[in-house]
Amino acid sequence: MYTVGWQIAEQIRAHERVSRKEARARAVRLLSDVGIPDAASRVDAYPHEFSGGMRQRAVIAMALSCDPALLIADEPTTALDVTVQAQILDLMRELNARGSAVVLITHDMGVISQIADRVLVMYGGRAAEEGPRRSVFHGPRHPYTWGLLDSVPRVGGPRLRRLPTIAGMPVAPGSLPEGCAFAPRCRLRHERCEELPVLSAGTADAAHRDACWLPTDQRTALRLTTRTADSEVAS
């Protein structure tokens, strides 16, 4: 019922004392920034005249319009091609550089590796691992984090016979076990997994925490053993 530009301008005028003309000009710039072609004319288009990806970009433009102190972005790059995805991530970096905090919620490990400073891995609504991005990606500690990283297809290196997967099905939110939520799918589960683990830091890096009862050195040794067993290379 309202044009895309009107909705973005309304957002701006609701929070800042600017004229309609200035709000419209900013709406055009925002649409251009998020990759909408011919933004000066598309600003007068209606939502049904935009594709799904373009509507998503318009919503992102609206979210960025007033330089928020905190931006919560839930899967902002879904359904976007890699070029537009890069533009959106650049905008988030720019917003962060200007002083805004960004909470990014995504399943895309590539996006996380590009933009995050700190990473929180969650399973079943519970924290599994948390720490600086480099530490989590290069020294993951929780079995669920291993599964996420191992299941990402590799472009280079030897070709695996099968892409690693996490066995079992995701836990239902309404039937979480009393202990570790990931235990039913974990190859390293043991008796103490029936108790609820909490995030705790290792001895080497206090900023890197995980929620697993098995000692870190035992987990590392077992991971190396299971990865060796799974790393069949196609002939």
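Reader: Is Arg-26 buried or exposed?

Author: This is a predicted model, so everything here is computed from it. Buried means under 20% relative accessible area. Arg-26 has 15% relative accessibility, so it counts as buried. Arg-26 is found in helix α2.

Reader: Which residues is Arg-26 in contact with, beyond its neighbours within four places in sequence?

Author: Arg-26 is in contact with Ile-12, Glu-16, Val-18 and Ser-65. Arg-26 and Cys-193 are 167 residues apart along the chain, and their C-alpha atoms are 54 Å apart in space.

Reader: How do I read two packed helices?

Author: Two packed helices are described by two values, the angle between their axes and the distance between the axes. Start with α1 (residues 4-15) and α4 (residues 52-64). They pack at an angle of about 20 degrees, and their axes are 9 Å apart. Therefore α1 and α4 are roughly parallel to each other. The crossing of α1 past α4 is right-handed.

Reader: Which residues make the contact of α1 and α4?

Author: From α1 come Val-4, Gln-7, Ile-8 and Gln-11, and from α4 come Ala-58, Ala-61 and Met-62. Sort them by class. The contact of α1 with α4 has five nonpolar residues, two polar ones and no charged ones.

Reader: At what angle do α4 and α5 cross?

Author: They cross at roughly 5 degrees, and the axes of α4 and helix α5 (residues 82-97) come within 12 Å. That makes α4 roughly parallel to α5. On the α4 side, the contact is made by Arg-57, Ile-60 and Leu-64. On the α5 side, Val-84, Ile-88, Leu-91 and Leu-95 take part. The contact of α4 with α5 has six nonpolar residues, no polar ones and one charged.

Reader: Now the strands. How do they hold together?

Author: Strands of a sheet pair through backbone hydrogen bonds, either parallel or antiparallel. Look at β1 (70-74). Five bridges join β1 to strand β2 (residues 101-105), and these two run parallel.

Reader: Where do the side chains of β1 point?

Author: They alternate along the strand. Leu-71 and Ala-73 point to one face and are buried.

Reader: What is the order of strands in the open sheet of four?

Author: The order is β3-β4-β6-β5, with antiparallel pairing. The edge strands are β3 (118-123) and β5 (200-201), each pairing on one side only. A helix also packs here. Helix α8 (residues 143-150) lies on the sheet and touches β3 and β4. The direction of α8 makes about 105 degrees with that of β3.

Reader: How many bridges pair β3 and β4?

Author: Six bridges, in the antiparallel sense. Among the partners, Arg-118 is bridged to Pro-132 of β4.

Reader: How many of the residues of α8 are buried?

Author: Seven of the eight are buried, so α8 is largely enclosed by the rest of the structure. The buried ones are Pro-143, Tyr-144, Thr-145, Trp-146, Gly-147, Leu-149 and Asp-150.

Reader: Back to β4. What does Gly-131 touch?

Author: Gly-131 lies in strand β4 (residues 126-132). Leave out residues up to four places away in sequence. Gly-131 then touches Arg-118, Val-119, Val-136, Ala-207 and His-208. At 0% relative accessibility, Gly-131 counts as buried. For a distance, take Asp-33: it is 98 residues from Gly-131 along the chain, and their C-alpha atoms are separated by 31 Å.

Reader: What should I look for in the backbone angles?

Author: Most residues other than glycine have a negative phi. Asp-38 is not a glycine, yet it has a positive phi of about 50 degrees. Glu-75 also is not a glycine, and it has a positive phi of about 50 degrees.

Reader: Where are Asp-38 and Glu-75 found?

Author: Both sit in loops. Asp-38 is in the loop between α2 (20-33) and α3 (39-42). Glu-75 is in the loop between β1 and α5.

Reader: Is Asp-38 buried or exposed?

Author: Asp-38 has 53% relative accessibility, so it counts as exposed. Glu-75 is partly exposed, because its relative accessible area is 23%.

Terms used:
Residues numbered from 1 in each chain as written. Predicted model: local features only at pLDDT ≥ 70, side-chain atom pairs only at ≥ 80, totals over all residues. Heavy atoms only, no water. Buried < 20%, exposed > 50% of the residue type's maximum accessible area, 1.4 Å probe, protein only. Contact = heavy atoms within 4.5 Å. Axes fitted to C-alpha atoms, helices over the stretch in contact; angles between N-to-C directions. Parallel < 35°, antiparallel > 145°, perpendicular 65-115°, else oblique. Left-handed = near helix turned anticlockwise from the far one by under 90°. Nonpolar A, V, L, I, M, F, W, Y, C, P; charged D, E, K, R; others polar. Pairing = 2+ DSSP bridges.
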